Amino acid sequence: MDDGSTPNVPAARWFEWVHGFSLPLVAVFLLPWLYVLLILSSVPYLHVCNFLRTRLWTKSSKDEFWNSARRLMAYVWNLHSRVLHGYEVIGLENLPSEGPALLIYYHGALPIDMYYLTAETMLKRNRLIHTVGDRFLDRIPGWRLVSRVMKVTSGSAQSCVATLRAGELLSIAPGGVYEAQFGDSAYEVLWKGRTGFARVALEAQVPIIPMFTVNIRECFRTVSFAKWIFVRLYGVLKIPVLPIYGGFPVKLRTVLGKPIAYDGSLSPAALQEKVAGAIGKLVREHQRLPGDILQAIGDRFEAVPSVRAVTS
């Protein structure tokens, strides 16, 4: 006779199935936030540095102090990139050791590769890449100090030209948040006819270096369900609205193409098309299409990198 003590086996198995299914599902949506938190850890770190600078390190110059603070951040990011993604850069020699250049890059769901490249450049070339970021970043509490120290700006045309004329490196992702949110594993360039970066390059008379990071879309992805709704929401709010998942330990490899020299005979539209073509060529030469997460993880265990030499 059943005295009521026998467990409900079907219910227990159903709970185990739901738990086993939901745990990895929750994990892939939480992992991106760990990356975001690592980025946001720069906020309290730099504010503590600023407090110490004003109270304890008054004898050292401001530039010397912040250079030291930036290099410590670079070491942390570099370690992060090597451990989690076996990160490497192909074509770093295409960045000038001095003088200006404009880096134009494909924007992944999270631009983690730009943080990694900035760290790599600081440690290996002793140069800081100035970065144009979306205006919504200014809404993050405490972010203004990070922007000032790490040279991240919302990037008016005049300020970008001034940065380049001062002999600095500047990076821009013409696709911006739109490309980050609505791109997919096909790696199509989504610039919507934007020519602002081309106007900046022509006015400043600087070379453009195309940049693409292999497997960046396999590291983080955006959900594809009901994307048209999120496109409309983004059109109204102008902030990221599409959920991101991932944080997968894929191989990340940034490829810097040969510089596209200044050519005053080109119109902004023609230059934009030329640069988009150069990035598309990097995608075709170095990226598995369509991208595959498991194969991208497997790329970390290759004995010899499959990336071919960067061509002009």
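Predicted model: local features only at pLDDT ≥ 70, side-chain atom pairs only at ≥ 80, totals over all residues.
**Stop one: two packed helices.** Start by selecting residues 42-55, which form helix α2, together with residues 143-150, which form helix α5. Their axes lie 9 Å apart and cross at an angle of about 75 degrees. Angles of 65 to 115 degrees count as roughly perpendicular, so that is how α2 sits relative to α5. Now show the side chains where the two helices meet: on α2, pick Ser42, Val43, Leu46, His47 and Asn50, and on α5, pick Trp143, Leu145, Val146 and Val149.

**Stop two: the largest nonpolar core.** Next, select Leu102, Ile104, Leu117, Phe197, Ile208, Leu256 and Val275. Within a core of 78 residues, these touch the most other members. Helix α11, residues 268-286, is the top contributor to this core, giving 7 residues.

Which residues does Phe197 touch, leaving aside those up to four places away in sequence? Centre on Phe197 and look for Leu102, Ile104, Ile172, Pro174, Trp191, Ile208, Gln272 and Val275.

**Last stop: Ile229.** Move to helix α10, residues 227-237, and click on Ile229. Is Ile229 buried or partly exposed? Its relative accessibility is 37%, so Ile229 counts as partly exposed. Finally, draw a C-alpha to C-alpha distance from Ile229 to Val241: the two are 12 residues apart in sequence and 9.9 Å apart in space.

Technical notes:
Residues numbered from 1 in each chain as written. Heavy atoms only, no water. Axes fitted to C-alpha atoms, helices over the stretch in contact; angles between N-to-C directions. Helix = DSSP H or I, 4+ residues; strand = E, 2+ residues; numbered from the N terminus. Parallel < 35°, antiparallel > 145°, perpendicular 65-115°, else oblique. Contact = heavy atoms within 4.5 Å. Buried < 20%, exposed > 50% of the residue type's maximum accessible area, 1.4 Å probe, protein only. Core = buried A, V, L, I, M, F, W, Y, C linked by side-chain atoms within 4.5 Å.
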